[in-house]
Amino acid sequence: MAILVDKTVLMDIDGIRRALTRISHEIVEKNKGTKNVILVGIRTRGIPLAERIASEIEKIEGTKPAMGILDITLYRDDLSTLSYQPVVRETEIPYDITGKTIVLVDDVLYTGRTIRAALDALIDMGRPKSIQLAVLIDRGHRELPIRADFVGKNVPTSSKEEIRVVLKENDGDEKVVLSEQKEP
C-alpha cells in the first residue's frame, strides 16, 4: 500500500491570506458588490474559507455577505461504493436562494465531482440567478466540464500527487502541502 510523503509547502499562512484577499476583491468586482450574493462553504474546509472571504468582503464593502453551509454527502456519485457508513451533516442555508448569486467555496478543485454534487444540492433548494465557484487550489484533472470563477492558485499535479489544505479551524495549523504517493 502506498504512503503519502510531503514534497513541498505550496502556500503558507501569508500565501493563503493573500489568495483569499484577492478572491474576495474579485468576487466584489465581478458581482458589483454583494447585494443578493450568498457565500456557501462546502463541508469541510470550504466553510472556514467562506467565513474568511466573508470577513474580507466586509472589510472592503462595509457589510458582510450572507453565508451558508452545504453538505453534499447524499449527492455524491460514489456513495454506493464507499465502504464506510457516511456521516451526513446538516446543510445550513437559511435563505431563499431563488434569484440570488451563489458563490460556492471549496478548498481544492480536482475532478469536479464534488462541485457537481454541490450544484445538484443547490438546485434542489431553489433556482439561483447564477452559481459561481471559488477555490483555494485548482489542481487540474477534471472529469467533468467544471471550472472555477475565482482561484487562489493553479497547481498542475500528477495523478500520484495529492494536495492537502491544512487550516487552523480544522487542523490547528495553516498551509497547503503537495504530497506524493510512494511505495514502501
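**Overall fold**

I counted the elements of the protein chain and got four helices and eight strands (DSSP runs: helices are H or I of at least four residues, strands are E of at least two, numbered from the N terminus). This is a predicted model, so I took local features at pLDDT of at least 70 and side-chain atom pairs at pLDDT 80 or more, while totals for chains, interfaces and linings use all residues. Residues are numbered from 1 along each chain as its sequence is written, and side-chain values use heavy atoms, with hydrogens and water left out.

Read from the N terminus, the order is β-α-β-α-β-β-α-β-β-β-α-β. I then checked the radius of gyration: 16 Å, close to the 16 Å from the globule rule for 184 residues, so the chain is as compact as a globular protein of that length. That radius is taken over C-alpha atoms, and the rule is 2.2 Å times the number of residues to the power 0.38. The C-alpha trace spans about 55 × 40 × 30 Å along its principal axes.

I looked up contacts (heavy atoms within 4.5 Å) next. Of those between residues at least 6 apart in sequence, 70% join residues at least 24 apart. Accessible surface comes to about 9,800 Å², with 48% of it on carbon and sulfur atoms (Shrake-Rupley method, 1.4 Å probe; for residues, only the protein chains shown count as cover). Buried residues are 45% of the 184; buried means under 20% relative accessible area, exposed over 50%, partly exposed in between, with a 1.4 Å probe and protein chains only.

**Cores**

Which residues have the most contacts inside the largest nonpolar core? I found Ile27 and Leu136, in a core of 28 residues. A core here is a set of buried Ala, Val, Leu, Ile, Met, Phe, Trp, Tyr and Cys residues joined through side-chain atoms within 4.5 Å. At least two core residues come from each of H1 (13-30), S2 (37-42), H2 (46-61), S4 (101-109), S5 (130-138), S7 (161-166) and S8 (175-182). H1 gives the largest share, six residues.

I listed the neighbours of Leu136, leaving out residues up to four places away in sequence: among them are Met11, Ile16, Leu20, Leu49, Asp106, Asp107, Lys153 and Val165. Apart from this core I noted another, of 20 residues, including Val40, Ala117, Ala121 and Val151.

**Helix H3**

In H3 (residues 113-123) I found Ile115, Ala117, Ala118, Ala121 and Leu122 buried. They cover an arc of only 155° around the axis, so they sit on the same side of H3 (the arc is that of directions from the helix axis to the C-beta atoms). The buried residues of H3 pack against S2, S3 (66-70), S4 and S5.

Most residues other than glycine have a negative phi, and most peptide bonds are trans, and I looked for exceptions. The Arg43 to Thr44 peptide bond is cis, with omega near 10°; Thr44 is in the loop between S2 and H2.

The loop between H1 and S2 holds Lys32 and Asn36. Phi is near 50° for Lys32 and about 65° for Asn36. Lys32 is exposed at 78% relative accessible area, whereas Asn36 is partly exposed at 40%.

**Record check**

The unreviewed UniProt entry puts "short sequence motif: PRPP-binding" at residues 102-114. Over that stretch I got 15% helix and 62% strand, with the end C-alpha atoms 16 Å apart.

How values were computed
UniProt positions are given in the numbering used here, feature names are shortened, and annotations may be inferred rather than shown by experiment.
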